[in-house]
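The sequence and structure come first.

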Amino acid sequence: MPLRPALATAACAALLLLVAAPSAPADSSAPAPEETVTVDSKGLMAADGTVTLSGTYRCVDSVGPVFVSSSIGQRSDAVRHAIGGTAAVCDGKLHRWENESRPSPTTLKHGKADVEAAIVELHPVGILPLPRFHALLRQDVTLKKA
């Protein structure tokens, strides 16, 4: 059998095995119910384009470093801007977070925006840390003048 058809057959077989394999239990990586992240309904945008987003978070049981990350978009889901990352403490208590960044080039305007916030742990698995999501939220906010 020529090499290319053999490789194609092997790749298709591997893909079928992945698709047919039973998935992991739903709760294996699902955030615990006591883990939450919120986003304040108003974000700030300074005259120079610097965006400040904030909210609260609560998380538990972390082994690796944890961050509250956020991103913002307007008009199109295709363009999102990362707005900082704050180190988080997963002690089960409610904490405030605030991220600030100046997207470049900035296309953001004052008014309605869509924000995603996540609590992400760099969970050690072998020699590489893999992301583990403790909580995730997508919410509409209003960008106001700072």
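## Basis and fold

Helices (H or I, at least four residues) and strands (E, at least two) are DSSP runs, numbered from the N terminus. Residues are numbered from 1 along each chain as its sequence is written. This is a predicted model, in which local features need pLDDT of at least 70, side-chain atom pairs count only at pLDDT 80 or more, and totals for chains, interfaces and linings use all residues; side-chain values use heavy atoms, with hydrogens and water left out.

The chain has 1 helix and 8 strands, in the order α-β-β-β-β-β-β-β-β along the sequence. Contact is defined as heavy atoms within 4.5 Å. Among contacts in the chain with a separation of 6 or more, 67% are between residues 24 or more positions apart.

## Burial and core

Residues are called buried under 20% relative accessible area, exposed over 50%, and partly exposed in between (1.4 Å probe, protein chains only). By that rule 31% of the 146 residues of the chain are buried. The accessible areas come from the Shrake-Rupley method with a 1.4 Å probe, and for residues only the protein chains shown count as cover. The chain exposes about 9,200 Å², of which carbon and sulfur atoms supply 62%.

A nonpolar core is a set of buried Ala, Val, Leu, Ile, Met, Phe, Trp, Tyr and Cys residues joined through side-chain atoms within 4.5 Å. The largest such core holds 22 residues, and Val-37, Val-51, Tyr-57, Ile-72, Trp-97 and Ile-119 touch the most other members. At least two core residues come from each of β3 (51-58), β4, β7 (111-125) and β8; β7 gives the most, with 4 residues. Leaving aside neighbours within four places in sequence, the contacts of Ile-119 include Val-37, Tyr-57, Val-66, Phe-67, Val-68 and Phe-133.

## Salt bridges

A salt bridge is a side-chain nitrogen of Lys or Arg within 4 Å of a carboxyl oxygen of Asp or Glu. The count by this rule is 7. In one of them, the side chains of Arg-96 and Asp-40 meet at 2.7 Å, N to O. Arg-96 is in strand β6 (residues 95-101) and Asp-40 in the loop between β1 (36-37) and β2 (42-45), so that the pair links distant parts of the chain, 56 residues apart. Arg-96 is exposed at 53% relative accessibility, and Asp-40 is partly exposed at 24%.

Arg-80 pairs with Asp-114, the closest N and O atoms being 2.9 Å apart. Arg-80 is partly exposed, at 25%, while Asp-114 is buried, at 12%. Both belong to a network of salt bridges that links Arg-80, Asp-114, Glu-116 and Arg-138. A further salt bridge joins Arg-132 and Glu-121, with the closest N and O atoms 3.0 Å apart. Arg-132 lies in strand β8 and Glu-121 in strand β7, 11 residues apart in sequence. Glu-121 is buried, with a relative accessible area of 0%, whereas Arg-132 is partly exposed, at 27%.

## Loop residues

Gln-74 lies in the loop between β4 (66-73) and β5 (81-87) and counts as buried because its relative accessibility is 12%. Its side chain reaches the backbone oxygen of Lys-109 at 2.7 Å, and a polar atom of that side chain lies 2.9 Å from the backbone oxygen of Lys-112.

Asp-61 is found in the loop between β3 and β4. Most residues other than glycine have a negative phi. Asp-61, which is not a glycine, has a positive phi of about 55°, and Asp-61 is exposed at 60% relative accessibility.

## Surface patch

Patches are made of residues with over 30% relative accessible area and no salt bridge; like charges are joined within 9 Å, and nonpolar side chains (Val, Leu, Ile, Met, Phe, Trp, Tyr) within 5 Å. Val-125, Ile-127, Leu-128 and Leu-130 make a nonpolar surface patch of about 440 Å². Leu-128 is placed in strand β8 (residues 128-145) and is exposed, with a relative accessible area of 56%.

Definitions and conventions: Polar contact = N/O pair within 3.5 Å; in protein donor to acceptor, adjacent residues only side chain to side chain.
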